[in-house]
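Please open the model in your viewer and keep the sequence panel at hand.

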Amino acid sequence: MPNILILGAGRVGTSVAEQLVRENYNVTIVDENASNLQPLADKLDLKTLVGHAANPVTLANAGAADADLLLAVTPSDELNMVACKMAHRLFNIPTRLGRIRDQDILSHAELFNTDGFAIDHIITPAQIVTDLLARLVATPEALQVLDFGKARAKMVAVRVEAGSRMDGKDLATMAQYLDEVDCRVVSIYRKNKRINPDGATTLSVGDEVFFLAARKDIRTVLSLLRATEQAIKRITICGGGNVGYRLAQVLADDYQVKIIEINRERAQWLAEHLPKCLILRGEATDENLLDNEQVDRCDLFLALTSDDEDNIMSSLLAKQMGARKVVAIINRSRYVDLLQGGKIDVAISPAQATIGALLTHVRQGDIVAVHSLRRGEAEAIELIAHGDRSNSRVVGRRVEEIKLPQGANLAAVIRGEQVIMAHHDTVIENEDHVVVFIDNKNHIRAIEQLFAVKIGFF
């Protein structure tokens, strides 16, 4: 079983540690603050160590010599960089991931190669969350949008709306409506309980449907599950920090973007760097400010500050005042479950959003992407199938021959430019990118083993 060494017991480090322990990895986590480690030691089967992440003695005591992967996610970019260098030079840890947030550092790729700080994979949570939000803006009906096969295929989570064509209809009817368009419903959640879909499954208002389709077909499928479709034009962003600024950069050319920022100096900086956006200095919980800025005409309100309470309150206020859709970043993962689907349309946990990028490098096998779904309850994985029928359990076999664990769904195959929805007679070929939905994390290892080729293939 791989040994994982995590440096930093903040939100990301803690979330990843919890996830990996549930999957039976050997995890050691290091932090300078004992109070950050004690809750983990009390509830999880892992090792904890109080110490400095870039101290050679600390790393040695944490088992760096036997570690297979280092994850440096302390609050300091510089500390993460030095720790990765030590992990490489002193302990020869094979894979090193570092969280880097400073854009000025990120702009110098030469810093991260083996001659530099020896970081194999850079994790930038702000960019991960920005990309997630940009996909939601492009698909405003969705709760979540995931890319596979370099965005050739997408998995979308959407709630069935009253009055939609699929309200009260079974999935067999959906196939009739779609005609030439092929899609795959991989899971349905009704009142937070999973339903394994088949042709006889009837959809009801409020059902959370996860479907996968080629990028060009997403809008067609959504039109069956939603009764109304209104384009996004006016966007208000609460918070001009790293995520708010990055997102505004992406959106400024195509949307009317306003940013509400409480800090005077930051607001001035935003005005200088985002000439196409309207920058307002003030509090997003100020009812008069929202009223004056006609929040009732806002198509999408995004609460993206670092303060959960401000994000929650500003979102609730904006929704009450008439904003069409509200999205909030919520750092405390438990709050996400409480809030999403009520007055707040979409609640996002940055730590959960980041986990997928980390797990892509932790998982065994040739894995392209890992996406955490349903606040970590489920997962969607893109794997590359290798080999032939003699040395692989999947290549050269029809889907109906592949023994998937219960709750796993082989959803699609991406073969070059072609997106193929997986049916019972679909045959997996060498080098196919295969998208698998898994509703139970306990089955992850079984999927990894299923796609592993026999010794000697490489």
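Which residues does leucine 302 touch, not counting residues up to four places away in sequence? Select leucine 302 and display its contacts (heavy atoms within 4.5 Å): the partners are Leu133, Ile235, Thr236, Ile237, Cys238, Leu247 and Val327. This is a predicted model, in which local features need pLDDT of at least 70, side-chain atom pairs count only at pLDDT 80 or more, and totals for chains, interfaces and linings use all residues. Residues are numbered from 1 along each chain as its sequence is written, and side-chain values use heavy atoms, with hydrogens and water left out.

Leucine 302 belongs to strand E15, residues 300-303; strands (E, at least two residues) and helices (H or I, at least four) are DSSP runs numbered from the N terminus. With a relative accessible area of 2%, leucine 302 is buried, a term that means under 20% (1.4 Å probe, protein chains only).

Now select helix H6, residues 125-138. From first C-alpha to last, H6 reaches 20 Å, close to the 20 Å expected at 1.5 Å a residue for its 14 residues. Buried positions in H6 include Leu132, Leu133 and Leu136; Leu133 is also one of the residues that leucine 302 touches.

Finally, display the whole chain, which holds 15 helices and 22 strands. Its C-alpha atoms fill a box of roughly 60 × 60 × 40 Å along the principal axes. Of the 458 residues, 54% count as buried.

Terms used:
Buried < 20%, exposed > 50% of the residue type's maximum accessible area, 1.4 Å probe, protein only. Expected span 1.5 Å × (residues − 1).
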